Amino acid sequence: MLTLDEINAQPDKLLTVGERFSELTKEALDFLKGTDFSEIDFVGCGTSYNLAMGVSMQFNRIRKKKEPVSNFFSGSEVAFGLRDIDKDAVVVGISRSGESTETVLAMRRCKEAGIKTIGITCESDSSITKVCDVNVVLDFVNEKSVVMTQSFTAMAFVASALVRKLLGDSTLQGYLQIIPESCESVLEESQKVIERLNIKAYEHFVFLGYEEYYAAALEGVTKVMETSLCEVDAFQTMEYRHGPKSKVTQKTLALILSNSMLKEEEEKMASEIEKLGGKAVNVSDKQMNNILNVIVPYNSDDFGDWFLRVIPMQILGVKKAISKGLNPDEPKNLTKVVKL
Ligand code: F1P
């Protein structure tokens, strides 16, 4: 099965990103050398929008007070002028195909306004590479499936590492090592935990987390919705009490992408969901008591493992689809590229 094979090949792809990082990002880094930009904005559609959100939050978390801020936009917000971007900004367009109409249009609009543009894509010679000033091209990621899995984690990894490089973050070398290793372990752990769950028993999925982990939760919604057609929601963890909690039943499976600052509160949320009859699973680098855990080995509190936490949700979507007799390689109503 294409999609499952591509999910399982993620450790190899992230290893290649780590090994080839300098070569992959050289053109972009040379282009920005000595440039004082007012902000750095990330733009994408669908899964690539969730990616833009997560990596923008990473930039804002790692930057020092006096350094520029980052925003994230969907392709359509920029393409159709809903959001004007400062002419001294740098805009990074993210697109697996390099052909999504709104993203290409957005980058063209920025380029025509004299804004510095960088493309991140898996397709060399795609439209986005012809519009942007410089590009990061992951030409070793050739996803055949409609739903994005390894293209998401590979582009998220290179972008999250590029952010560290741009901000002169001292953790970069270690980061390039730990992420591929951690990916291997998360994949194995996720498969084991999901095997232990009776996936047929769940019809309603909830993904909870904050900041970059909220962006990961939104990507989990996209994955599970695209593949299994099930009901799936994402919220900031403690927001779940403010209404959405009403939907918890025995058919609810909640993944909590917990962080060390709110771990105690997120642990309470997990047990509340279980008291209401649902099932909770913690996805984090720190164990929670009395509930299932998918441990993401990552020895920092900088949320840099954010895109790895999507892996259990990628697998969940595919497994649920198969249990419903659906083919995740042929998701209903979807095409690999949205061209208007
Ligand atoms: C963006 C996207 C994908 C989605 C589907 C349609 O693609 O929305 O996220 O899974 O394939 O296109 P891209 O701009 O990253 O190529």
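What covers the buried residues of H5 includes strand E1 (39-44), helix H4 (75-79), strand E3 (90-95), strand E4 (116-121) and helix H6 (127-131). Here, helices (H or I, at least four residues) and strands (E, at least two) are DSSP runs, numbered from the N terminus, and contact means heavy atoms within 4.5 Å.

This is a predicted model, where local features need pLDDT of at least 70, side-chain atom pairs count only at pLDDT 80 or more, and totals for chains, interfaces and linings use all residues. Residues are numbered from 1 along each chain as its sequence is written, and side-chain values use heavy atoms, with hydrogens and water left out.

**Exercise 1.** Work out which residues of H5 are buried.

*Solution.* Start with the helix: H5 covers residues 101-112, 12 residues in total. Next, take the cut-off: buried is under 20% relative accessible area, exposed over 50%, partly exposed in between (1.4 Å probe, protein chains only). That picks out Thr 101, Glu 102, Thr 103, Val 104, Ala 106, Met 107 and Cys 110. Now step past the end of the helix: just after H5, Gly 114 has a positive phi of about 80°.

**Exercise 2.** Sort the lining of the second largest cavity by class.

*Solution.* First, list who's there: Leu 32, Ile 40, Phe 42, Val 92, Ile 118, Ala 159, Leu 162, Val 163 and Leu 166. Then apply the classes: Ala, Val, Leu, Ile, Met, Phe, Trp, Tyr, Cys and Pro are nonpolar, Asp, Glu, Lys and Arg charged, and the others, Gly among them, polar. You end up with 9 nonpolar, no polar and no charged residues. A cavity, by the way, is a set of points on a 1 Å grid over the protein atoms alone where a 1.4 Å probe fits but cannot get out, and lining residues have an atom within 4 Å of a point.

Definitions and conventions. The expected span of a helix is 1.5 Å times one less than its number of residues. On a 1 Å grid over the protein atoms alone, a cavity is a set of points where a 1.4 Å probe fits but cannot get out, and a pocket is an open set with protein on both sides within 12 Å along at least five of seven lines; lining residues have an atom within 4 Å of a point.
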